[in-house]
Every structure is written in structure tokens, then in C-alpha cells.
Amino acid sequence: MDTKEMNIRLEQPQDYREVENLTREAFWNVYRPGCTEHYVLNQYRTNPEFIPELDFVMEENGRIIGHVMFSKAEIMLDDGTLFPSWTFGPISIHPDYKRKGYGLKLLQYALEKAKVMGIRLIQIEGNIEFYKHAGFDLASKMKIHYHAEPRESEVPYFLALELIPGYWGNREGTYCPPKGYFVADENPEAFEAYEALFPAKERALQPSQLPQFCQSCGMPLTKNEDCGTNADGSINYDYCKYCYAEGKFLQECTMDEMIEHCSQFVDEVNKQMPKPMTKEEYKQMMRGFFPMLKRWRKE
């Protein structure tokens, strides 16, 4: 890499559309069918948690090839108080430039600037094999728990980095990403209108993606045939065919009613479990999992 041709600078308003398109290209079908990261970025710039001093683009030969943004965050301590923290993302590198060291260089630059600003503790969801090169480790080692996983879990994708040693101390608490990261789920019609402004791209389930689950009943989605359909007959990757068809839910029910319905399938679930659960244990597990699903998040 010729560093003389590479430049990292603050994002400017005239960059917005180019950076959002870059973000869309970088994340499309990577973690899920399609992506929402470009809409998160679009909405985050007016969010009070957004940190404009840490909104960077990377250029090579005048072309924007990378971007990263930071946000304020909080950790709920076990005593019920909120502890100031920070996060970042999306961090995007154009597909033509991935696996060439650009992402790590951009991240290291941004982390140095964050440290100078007095940012002390960062947690993210990501791949430890990449982020360990920037100093990140499993957050569970610091007794920082992830909101969507059992407290005793060593969550492999939930990472943390203390930029100022001693800031976290011997505390213990639970982290949930800032609300701004859920904007596409909370405003699906606004997201679809925004997505329609970009050239059409095909969404697809891929083996390399994170596990996909129906956002109503929690059923694993492993192939297109598992998925529901939109009003126009296209595939809906959020919901299974048993919950959603032709743009409508097939059952009008509460979250508790859905849990009661799903509990009758505990014997089928136990075929995939190392230790069988009773019906009540399965219902208790769903009560912890279902509030994270798109259909029930607001409820």
C-alpha cells in the first residue's frame, strides 16, 4: 500500500451519498440478506449520540474507499445506574479493497483520535479475528454482558476495549446497542422508501451469514423456502412462511400467545439440544429471546 496516496479525513456533507452507497456495497448480504447499515448511517448523523469529530472517510487517489463513525453508548450496571461508554460502526471498506489492511489502518487511526478526545471504553459486535489486531477482546472477560445473551455466556462476537486502563474498574453490567442502531427495524416503511433510492440488488440467504431467525416465532431461516412473502410475492427474509404471507401476519397475537403456541414444539427443539428442556424451561428461554425479535421489540 502506498501511504502517500492514502488519506483519512473527516466526512463532509457532500460525501454523504457516496459514503452511504459505499456502506451498502460493503455490507450487502454479508451478515443478513441485504443490509440496513447504510440507513443507520443516514439517520445517525442527526442523532445526539453521533460523534461528528470521529466521522472519518478513507481515500485512495481521491476515491472514498472506507468510512467509520462513532456513537455514545451506555452500560447498565448491576446496581441499576447507567455508566458512560462508547461504540462505533458501521465501519465500511469497499469490496475491491477488503483484506488488504485498509480496514485495520482506518480503525487504528480512529481509535487514536478517540483516545485523544478522552473516550475511555468501547464495545462492539464483530469478528474477534479482525478486531483483536486493534486490541479488542471478549467483553465477558471484563464482566460486560450482552443484552441478548445469557449472563453466563462467553459471547464470541461481543467485544470490548479499554482505551484508558482502569476506567471500567471492577464493575459489572449489561450493554445494549444504542437505539439508533435499530432504526430500520423500528421504521420499516421509511427504510424501504430510502432503500428504493438505490439501484436494485438481490437479497439472498448465504451460508456465511449470521444465523437468521424468524422475527416473530424464532424459527431458523436456512433457505428461501423457509421464508414468508411480501404483498408483491417477493421473499420476506424477516419472517417465516408460517408467520407471514402476502405481506400480512397469519396470526394476530401477543408475544405471550406466540410463546405459548411455540412451546408445543419443545420435543422437536430438544432433538437439536445437548440437554432436553421441559416445556416450562423452553417457555422461559423464549421469554428472554422474543423481546429481541423485530415483531415484539416495541411490545
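User: What makes a residue count as lining the largest cavity, and which residues do so here?

Analyst: A cavity is a set of points, on a 1 Å grid over the protein atoms alone, where a 1.4 Å probe fits but cannot get out, and lining residues have an atom within 4 Å of a point. Here the lining consists of Ser140, Ile144, His145, Tyr146, Glu149, Pro150, Arg151, Ser153, Val155 and Phe158. Keep in mind that this is a predicted model, where local features need pLDDT of at least 70, side-chain atom pairs count only at pLDDT 80 or more, and totals for chains, interfaces and linings use all residues. Residues are numbered from 1 along each chain as its sequence is written, and side-chain values use heavy atoms, with hydrogens and water left out.

User: How much space lies in the largest cavity?

Analyst: About 50 Å³. Volume here is the space filled by probe spheres set on the grid points, which are joined across faces, edges and corners.

User: Which strand gives the most to that lining?

Analyst: Strand S7 (residues 144-146), with three residues. A strand is a DSSP run of E with at least two residues, numbered from the N terminus.

User: Why is the pair of Phe83 and Trp168 called edge-to-face?

Analyst: Let's start with the rule: rings of Phe, Tyr and Trp (its six-membered ring) pair if their centres lie within 6.5 Å, and planes under 30 degrees apart are stacked, over 60 edge-to-face and the rest tilted. The structure holds 23 such aromatic pairs. For Phe83 and Trp168 the centres are 5.3 Å apart and the planes stand at 75 degrees, so the pair is edge-to-face. Phe83 belongs to strand S4 (residues 82-93) and Trp168 to the loop between strands S8 (158-162) and S9 (173-175), 85 residues apart.

User: How do you know whether Trp168 is buried or exposed?

Analyst: Buried means under 20% relative accessible area, exposed over 50%, and partly exposed in between, using a 1.4 Å probe and protein chains only. Trp168 has 2%, so Trp168 is buried. Phe83, at 9%, is buried too.

User: What makes Phe249 count as it does?

Analyst: Its relative accessible area is 26%, so Phe249 is partly exposed. Tyr239, at 7%, counts as buried.

User: How do you know that a charge sits over the ring of Trp28?

Analyst: The rule asks for NZ of Lys or CZ of Arg within 6 Å of the ring centre and within 35 degrees of the ring normal. The charged end of Arg24 sits over the Trp28 ring, 4.7 Å from its centre. Arg45 likewise lies over the face of Tyr16, at 3.9 Å from the ring centre.

Terms used
On a 1 Å grid over the protein atoms alone, a cavity is a set of points where a 1.4 Å probe fits but cannot get out, and a pocket is an open set with protein on both sides within 12 Å along at least five of seven lines; lining residues have an atom within 4 Å of a point. Helices (H or I, at least four residues) and strands (E, at least two) are DSSP runs, numbered from the N terminus.
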